[in-house]
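Dear colleague,

I am passing this structure on to you, and below it I have set out what was found. Please look through it first and then read the notes alongside it.

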Amino acid sequence: MQIVVDSLLIDYSKIGSGKNTIVLLHGWGDSRQTFEFLEKELVNTYTVISLDLPGFGKSQAPDTAWDLADYASIVSKFLQKLNIREVYALVGHSNGGALAIFASGTGVINPDKLVLIAASGIRNRQKGKRLAIKLVAKTGKVATFWLPKNQKQKLRKRLHGSIGSDMFVAPHLQETYKKTVRHDVQAEASKITKPTLLIYGENDKATPPIYGEIYHNLIHDSVLEIIGGTGHFVHKDKPAQTLKLIEDFLR
Amino acid sequence: MRKLVSMYTPRYVVAIVYMLQSTEYEVRPYLAWLRRVQDFTKVMYRRELHKTRPAMLLLVGLSLGMSLQVVLGVALIWVGYDSDRVVLTVIGTLAVATYPFVWAYGVVILLVIGRALVINPKQKRRIARSGRIFADHKGRKIAVAGSYGKTSMKELLVTVLSEGKHVAATPANKNVALSHAQFAEKLTGDEDIVILEYGEGRPGDVGHFAEVTKPNEAIITGIAPAHLDHYPSLEAAATDIFSVSTYVGDEHTYVNANSEGVASFLKSGMHAYSEKGALGWNVSAVEISIHGTSFRMHKGSQELVIESHLLGRHHVGPLAFVAAYANKQGLTKEQIEAGTKKTKPFEHRMEARNLHGAWLLDDTYNGNIDGMKAGLALLEELPAKRKIYVTPGLVDQGIETARVHSELGQAIARTKPDLVVLMDNSATTQIQQGLEHAGYEGKVQIEDRPLEFYNNLEHFVAAGDVIMLQNDWTDNYN
Amino acid sequence: MIGGMKTIAVIFGGRSTEHDVSIVTALASIIKPLELTKQYRVEPIYISKDGDWYWDQKLKNIDLYQSGEIEEFMRKAPKVHLLFDNGLTLVKSSQFAGRKQYKKIDVVFPAMHGTHGEDGELMGVLEMANVPYVGCGLAASAVAMDKVLSKQVTESAGIASTPWTWFYSSDLPRRHSEIMKEVEKLAYPIFVKPAHLGSSIGITRVESRDMLMNALEVAAHYDDKVIVEQGVANLIEVTLPIMGNEDPLPALLEQPMLHAEDFFDFETKYMQGGKKGGKKGGAEQGAQGYSKIPADIPKDLYDKAVKLGIDSYKAVGCSGIARIDMLIDGKSQQVMFNEINPLPGSLYSHNWKQAGVSGVDLVSRLVAYAEQRWQSRQKIATNFATNYLKQF
């Protein structure tokens with residue numbers, strides 16, 4: 001389905017007829033397809049809304065560089081337009097998790113419960129890594145200026161990929177990416193009072209389990225679950241286990 | 001000239017190995033082919049080398065040998081030039097110039113030696129052993145011989161007789177003494193009927209097969225100039241094929257009277273079968289369509305209703321014979337009718353396919369003039385808005401080549417297709433002459449890139465078209 | 001140049017959502033059969049998604065686009081210039097410094113789908129150049145690609161369609177209650193569509209009022225005009241490819257097979273075409289997935305639909321080729337015009353083949369129609385000797 005919110009075309013799905021509504025927020029460079037399995041299972045009990053955030057999947061990209069506040073605002077307006085007054089649970093993965101924290105912490109969206117899967121939003125932890133990326137980027141620019149444009153792109157893509165930067169996953173959103181990268185949501189997390197489920201993958205390099213511990217300390221009413229043998233895409237690596245945790249938590 | 005130039009291209013060595021493989025490493029056909037080729041780069045235009053072990057070994061060996069000779073030649077030239085000895089330079093130049101000839105013919109020696117020392121004695125022992133197996137076997141042994149139609153006759157017999165009997169038959173195209181021997185080893189001994197296909201290759205072959213396999217009955221499916229390479233004439237081939245009757249007796253010999261080639265060899269004691277009938281049965285109410293062939297058979301008060309998926313009038317004779325023979329062997333009317341209903345074309349043997357509403361008659365494994373004429377007869381008989389006939393002509397026609405292709409051209413002309421597509425080769429002009437001679441008025445299209453033509457066939461056809469493809473591999477087109 | 005062969009420029013790609021579909025139409029259904037006739041030399045002209053024009057024999061190879069090498073090609077290749085010399089000549093700079101390569105075009109074969117190509121824009125350029133071109137002319141293309149205009153034109157020719165209405169997108173925020181009122185005169189379910197786009201993008205089937213406004217907004221987001229149509233009960237969808245100038249020749253009436261989904265969206269229409277499993281009896285896979293050719297409907301209904309198709313073709317003023325989509329109420333047996341497509345995907349050659357016209361035959365005939373139309377246009381006097389300038 002499509003809908004126009006703030007002059008942006010948003011692609012979404014709304015399925016199920018449960019009394020309680022769950023909203024799913026995907027991560028950076030991803031799309032709502034990432035939740036295909038969760039969506040299919042949760043629909044038995046809940047009304048499930050899943051949207052492609054602007055700039056991802058089949059939704060239109062914003063003209064200007066956005067930050068988390070812009071994303072929170074569009075999700076809120078989107079829900080209003082669909083006549084959803086109460087959100088039972090907000091589920092976010094990775095950057096979608098940071099978005100969920102921001103939106104709940106600032107009160108833009110008020111879900112009864114929060115599910116954060118490998119949520120990002122802790123930015124001072126990885127200073128060393130960020131420095132490394134910056135350094136490579138700068139030296140890379142100097143070292144590759146003589147290469148043809150496409151070769152340069154390829155090389156940069158490979159370099160950034162190897163040290164864990166998502167910047168090139170959605171090239172049209174580079175400025176937006178920089179803005180969200182800068183945004184640390186620990187302050188917003190500390191304001192969350194609703195029950196929160198934190199799920200992290202044991203071997204996650206992008207958002208390591210330590211993030212979970214930090215949020216666990218910040219969010220008063222939270223449970224932390226660390227799933228063994230999985231990386232950043234916990235809900236795809238261990239779908240059944242993730243689903244079970246979520247279902248039990250939401251019950 | 002083009003031949004000479006093409007011998008020095010890198011494709012040459014691959015072409016040589018391909019030709020060896022295609023002739024099954026037989027010396028004579030290989031040499032004949034070698035002489036015939038006009039351009040070695042075009043040898044594999046339509047086909048590819050199968051990467052078997054012997055082929056790859058030969059490829060590596062020949063490449064190495066050729067390279068070595070060239071290197072040696074160059075070295076000699078250099079030394080000769082250096083030391084001012086003209087003889088060495090001349091020898092060196094010769095060595096460089098002759099490498100394609102030396103190795104193309106040199107490889108023959110290798111083949112002959114290998115055959116004489118290793119393969120032949122082993123095979124002889126095995127064949128002798130099979131003779132004893134056949135002699136002891138209690139079942140009825142039927143030999144199927146002829147220069148075409150053997151495989152389909154064999155399959156017809158198996159399909160229909162299996163409705164009431166335990167039948168064994170030689171596998172597809174395994175029709176020489178050695179494959180008969182392999183087949184014998186697999187027999188259980190309790191078969192009611194054993195069917196043996198005789199693939200004639202050179203004078204005396206058929207007689208030799210009969211001595212080893214000891215058949216009780218023989219079926220001669222037809223005589224036509226196919227694969228004549230080892231026979232001096234069609235006459236000689238026919239004599240060889242008919243020699244089987246001296247082993248089984250004329251009264252146990254069944255001959256396809258629809259084949260023109262058999263006329264002068266058919267004796268009154270033999271049983272002739274044709275589209276009119278077989279073994280005292282009369283055929284009537286023949287119906288031919290794109291979906292199959294049907295007819296009725298009567299003998300006294302008995303009736304058989306035959307319906308087959310085989311296409312074309314030329315199947316009526318063999319079908320009638322097999323039905324009558326099955327009746328003689330004690331099969332019931334129900335069994336015979338059920339059996340004939342199961343008969344269908346082999347892949348690429350007058351197989352009908354629908355392509356975007358057009359009918360494609362895939363007869364690409366047909367390889368002899370009588371078979372080609374049978375296909376043309378079918379094309380003539382079928383209703384269509386537009387008829388297209390496609391062929392490259394025939395290979396292995398020996399000295400008969402010119403006559404056969406002119407005959408083919410005339411046969412095509414009589415069918416009156418709207419369009420004739422010929423694959424450009426040495427037979428093309430002969431077919432064209434035949435077409436002209438018979439006053440063909442339709443369009444002729446000469447294709448110099450067969451593969452492209454076949455791959456793009458879908459662009460040429462539409463509903464209402466009947467397209468007959470004869471005697472060409474279209475493996476790339478499925 | 002090979003003597004006596006005509007040069008045909010095939011133009012494809014373009015700034016449209018159907019850019020990729022256009023490439024397939026051009027390469028597989030036009031260029032290939034044109035070359036197989038051995039009577040034409042084909043010059044491919046590719047228009048990038050950004051609207052840049054390129055001309056090169058390499059552009060005939062599908063691998064170029066599938067592998068993504070096209071990006072590399074476009075970085076290096078010179079763009080093409082069009083020279084109008086009472087006809088059309090392609091010009092591009094060649095590798096030799098300063099040298100230019102020229103190629104006079106005898107006939108143009110547009111293979112564009114959707115906006116900026118199928119909608120008459122390209123035809124306007126070709127008219128200016130006075131070069132014969134295949135397919136519908138400027139006016140017919142423009143009318144056909146605007147669903148509102150095509151309904152207005154067919155309706156005024158007495159051709160039935162399902163109840164419908166339309167509005168300008170810019171009016172939606174200002175007069176939305178009026179528009180809602182107008183739209184709600186139609187019975188649900190209704191279909192809300194952008195007036196122009198060729199594929200199913202931006203189209204919503206609306207079952208009830210609460211979803212209506214969102215659907216109107218989505219369609220308005222895609223286009224400056226929105227058309228709203230009442231759904232047809234007992235629906236049988238059929239489509240009919242037609243070719244020709246004065247005496248249109250119909251192919252076979254084709255019945256797309258609907259899937260479990262009530263509706264084709266962009267993906268089922270184009271993306272999943274080849275993944276639908278094996279063929280089912282009598283079904284033929286076309287540009288739209290599977291369909292029945294000919295449509296499995298009673299003879300009189302079939303004839304009625306063919307007549308309505310041809311009437312629509314003439315009413316809109318089509319020439320060359322077009323495809324008419326029609327809706328049939330299976331119970332009342334009413335046939336209704338739905339829309340018209342001036343350049344059907346892949347020329348609908350799968351259907352033409354079933355109708356007895358081969359791919360090679362189809363493109364040859366279309367080229368002949370183009371030349372015929374051009375010639376008859378030359379006879380119409382457009383130049384009058386006046387002494388206006390002298391009097392000035």
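Helix 12 of chain B and its surroundings

The buried residues of helix 12 of chain B pack against helix 6 (150–161), strand 10 (302–308) and helix 11 (316–328) of chain B. Here helices (H or I, at least four residues) and strands (E, at least two) are DSSP runs, numbered from the N terminus, and two residues are in contact if their C-beta atoms, placed from the backbone, lie within 7 Å.

Please note that this is a predicted model, in which local features need pLDDT of at least 70 and side-chain atom pairs count only at pLDDT 80 or more, while totals for chains, interfaces and linings use all residues. Residues are numbered from 1 along each chain as its sequence is written, and chains are lettered from A and ligands numbered from 1 in the order in which they are written.

The buried residues of helix 12, which spans residues 333–341 of chain B, are I336(B), G339(B) and T340(B); a residue counts as buried if 20 or more other C-beta atoms lie within 10 Å of its own, as exposed if 12 or fewer do, and as partly exposed in between. Because they cover an arc of only 95° around the axis, they lie on the same side of helix 12 of chain B, the arc being that of the directions from the helix axis to the C-beta atoms.

Two of these residues, I336(B) and T340(B), are touched by A323(B), which also touches V160(B), M297(B), L304(B) and I306(B), not counting residues up to four places away in sequence. A323(B) is among the residues with the most contacts inside the largest nonpolar core, which has 186 residues; such a core is a set of buried Ala, Val, Leu, Ile, Met, Phe, Trp, Tyr and Cys residues joined through C-beta atoms within 7 Å. A second, separate core of 84 residues includes V183(C), I190(C), A219(C) and A220(C).

Turning to the strands of chain B, strand 7 (residues 277–278) and strand 8 (residues 281–289) pair in the antiparallel sense over 2 bridges, where pairing requires that DSSP finds at least two bridges between the strands. A278(B) stands opposite W281(B) of strand 8, and in the hairpin of these strands, with 2 residues between them, L279(B) takes a positive phi near 50°. Strand 8 of chain B also runs antiparallel to strand 9 (residues 292–299) of chain B, to which 6 bridges join it, and E287(B) stands opposite S294(B) in strand 9.

With kind regards
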